[in-house]
Amino acid sequence: MPSASDTTTGAAPAGAAPGGATERRSRFDTTLLGGKIALLVVVGALVLVFPQMAADPFILSVGVVIASYAALAVSWNFVGGFTGYISLGHAAYSGLGGYATALFITRADLNPWVALIGGGLLVAVLAVPIGIASLRVRGASFVIVSIALVLILLLVAQSWASLTGGAQGLRVPRPFGEDVLRPEQHERFFYIHVAFVVVALALWWAIDRSRFGMGLKAIREDEDKAQALGVPTGGYKLTVFVISAFFTAVAGGLYALWFGYLDPIFQFSILIGSYMVLMSLLGGLRSLMGPVLGAVVVGYSLEFFKVHYGDSQFHLVALGLLLALVVLFMPDGILPAVGALVDRLRPEKRTSIREMTAEDLLEHNRRLDGGTGTPEGTATPAGSGPGATDAERDLATVPPREEQR
Amino acid sequence: MTSTAPVGGATATATTEPSLETRGLTKSFGGVRAVDGADVTFHRGKINALIGPNGSGKTTFFNCVTGMIKPDSGKVTLGGNDITGKPPHRIAAAGIGRSFQLCRIFPRLTVLENMLVGVRSPSVLHRMGGARNGDDIAKARELLRRVGIDHLESSEARDISYGQQKLLELAGVLMVDPDTIMLDEPAGGVNPALIGRIGTLVRELNAEGRTFVIVEHNMDMVMSLSDHVVVFDRGRPIAEGPPSVVQNDPRVLEAYLGV
């Protein structure tokens, strides 16, 4: 699986660069790819042996919490990363997924894993009308609409005590039975969460490569323009929204099965929804692995601060400071910042269009002369004599980057 | 009305069948009638121009035709088919491509990725297919070379110059293979040499059979390029015809100069 930082890597420009540069460039890319694969193998191995290396069940449970955060953040990023619609209310779907899973087990006597998928599907169906209504508005309005749903569900879960247990909370039966002890259960859930994250990442990656994904990214950049180019924006947004709601709900259901207890205040909280956004922003929401990295940083920091500052709310202050620093110095997130750093080491800078070599320019101008002459019998309005030279100059030389509008 | 093109004769001249028509098209914002019962006919295979003073409703008219704004009343037909009030992506699929007044591209996608957004997808399966497939990329590179910015394909679109962005926008519209191309101020904010280059491209594309509708303030460009000019004032056409006739029409002079 390629690393997240290569999302904009295109095929090398065909025959544009002189031979030497191409060779060096590809060698650098080969090294980079090798490094990425090595990193992936090492990180993957570390994740797989983590439960064996964890010193005690507490550390193991922190691992599960972080994996659960990663599951939520990756699920959130289907909408946030592709379309740029920032939902602060995704706790609605994780909470609903948790409650649906729990109630399917306790009320309908379903197998826990069937209940988990059933909960996800139920939320996906509910997400259709919710998506149709909320995706009509953009930007800040969408954020507010997304929050409203969480608040409504919080009230419902607290008030409808006969179904949800109200403020008393809801107990969820342990899926592996009573004879599987806590540490053993932690270990199993750690692997289940990791598997879930891998599946979600694989789907994100596949969408990223598809025409569908290109349309979604176009919506993020300029929705009207995308629609004018034939992208059915409404259908695309709704589809990815439902996918995101399904995965978020399953992640919420997994949490319910692992933790064994649901409290409406915690399930339907703005804070959980904000964590999903912050983790993705921190890691880089336009990158595949960004939300995972963000989940590790935020999840670890939260547990670390909680251990050190006890029951006070100081862990939130510390987390806020951390985020402020990242947003100040790496506005696009950690992974894009690292990617930019790596690009600086590149011998031939692919992104720098200002450094066209003399040969490139010469060849380009030659091609312009040959390729785009005016057809017979038509006059160029601006006069083709001196104008043509100007046109070439305009096309071939690249001014320093200007801020747009 | 005559079908003789005043300047440039690459276009096949015989046809004057309507391509894009509006009847009684009306759109108000609050108390302002931006488009006021406009009956306009653009001709297939021609370079049609839409001109008029600032605030005469050209861009609103444009947006009503391309589905960005739903008209209050009236009708838009393309080759006889009613497309009134359809969403923009359906109108794009019906064969109308458009550019925007202040050039709009996807700033954080690369030039090549910008090109790959606009692909007509016949089926769900097609949409699930890879965006970076050989056919689409070959077509995108061909069009980028045609407008002269193929050397920039892996640059982010926000990093290229404004003139290059204008060319990118035009090339991106061509990816959808539209029969009718509507350009909103293609010459706005670009240097004279590039205006000439855009004019040449329009002429070439028109010679291949594409219909153009161009909103433009640059009179040199309008008069030298277009076959048919429609003059807008206060939300409706006040004159139309070949450029040589229109530019001497007293109503046009009045609308522009206020005399």
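This is a predicted model: local features need pLDDT of at least 70, side-chain atom pairs count only at pLDDT 80 or more; totals for chains, interfaces and linings use all residues.
Residues are classed here as buried under 20% relative accessible area, as exposed over 50%, and as partly exposed in between.

Over all chains, a search of the whole structure returns 25 salt bridges. One of them joins B:Arg23 to B:Glu21, with the closest N and O atoms 2.9 Å apart. B:Arg23 has a relative accessibility of 40% and therefore counts as partly exposed. B:Glu21, with a relative accessible area of 22%, is likewise assigned to the partly exposed class, because this value lies between the limits of 20% and 50%.

A further salt bridge is formed by the side chains of B:Arg132 and B:Glu113, at an N to O distance of 3.2 Å. This pair links distant parts of the chain, since its members are 19 residues apart. B:Arg132 belongs to the loop between α4 (124–128) and α5 of chain B, whereas B:Glu113 belongs to helix α3 (residues 111–117) of chain B. The two partners fall into separate accessibility classes: B:Arg132 is partly exposed at 30% relative accessibility, while B:Glu113 is buried, with a relative accessible area of 2%. Salt bridges with shared partners also unite A:Arg138, A:Asp222, A:Glu223, A:Asp224, A:Lys237 and B:Arg104 in one network.

A salt bridge between the chains is made by B:Glu169 and A:Lys225, whose closest N and O atoms are separated by 3.2 Å. The pair runs from helix α6 of chain B, which holds B:Glu169, to helix α9 (residues 223–228) of chain A, which holds A:Lys225. Both partners are classed as buried because their values are under 20%. The relative accessibility is 4% for B:Glu169, and the relative accessible area is 3% for A:Lys225.

Helix α6 of chain B (residues 162–175) also takes part in a helix pair with helix α5 of chain B (residues 134–147). Two packed helices are described by the angle between their axes and the distance between the axes. For α5(B) and α6(B), the axes come within 9 Å and cross at roughly 140 degrees. The two helices are therefore oblique to each other, because an angle must be over 145 degrees to count as roughly antiparallel. The crossing of α5(B) past α6(B) is right-handed. Helix α5 of chain B contains B:Ile137, a residue that is buried, with a relative accessible area of 12%. B:Ile137 and B:Leu112 are 25 residues apart along the chain, and their C-alpha atoms are separated by 7.8 Å.

In chain A, a contrast between sequence separation and spatial separation is given by A:His186 and A:Ile59, which are 127 residues apart in sequence and 9.9 Å apart in space, C-alpha to C-alpha. A:His186 is part of helix α7 (residues 182–209) of chain A and counts as buried at 10% relative accessibility.

Most residues other than glycine have a negative phi. In chain B, B:Glu185 has a positive phi, near 50 degrees, and is found in the loop between β7 (180–184) and α7 (192–207). B:Glu185 is buried, with a relative accessible area of 13%. B:Arg234 likewise has a positive phi near 50 degrees. B:Arg234 occupies the loop between β9 (228–233) and β10 (236–241) of chain B. At 68% relative accessibility, B:Arg234 counts as exposed, because this value is over 50%.

Terms used. Residues are numbered from 1 along each chain as its sequence is written. Chains are lettered from A and ligands numbered from 1 in the order in which they are written. Side-chain values use heavy atoms; hydrogens and water are left out. Axes are lines fitted to C-alpha atoms, for helices over the stretch in contact, and angles run from 0 to 180 degrees between N-to-C directions. Helices (H or I, at least four residues) and strands (E, at least two) are DSSP runs, numbered from the N terminus. Angles under 35 degrees count as roughly parallel, over 145 as roughly antiparallel, 65 to 115 as roughly perpendicular and the rest as oblique. A crossing is left-handed if the near helix is turned anticlockwise from the far one by less than a right angle, and right-handed if clockwise. Buried means under 20% relative accessible area, exposed over 50%, partly exposed in between (1.4 Å probe, protein chains only). A salt bridge is a side-chain nitrogen of Lys or Arg within 4 Å of a carboxyl oxygen of Asp or Glu.
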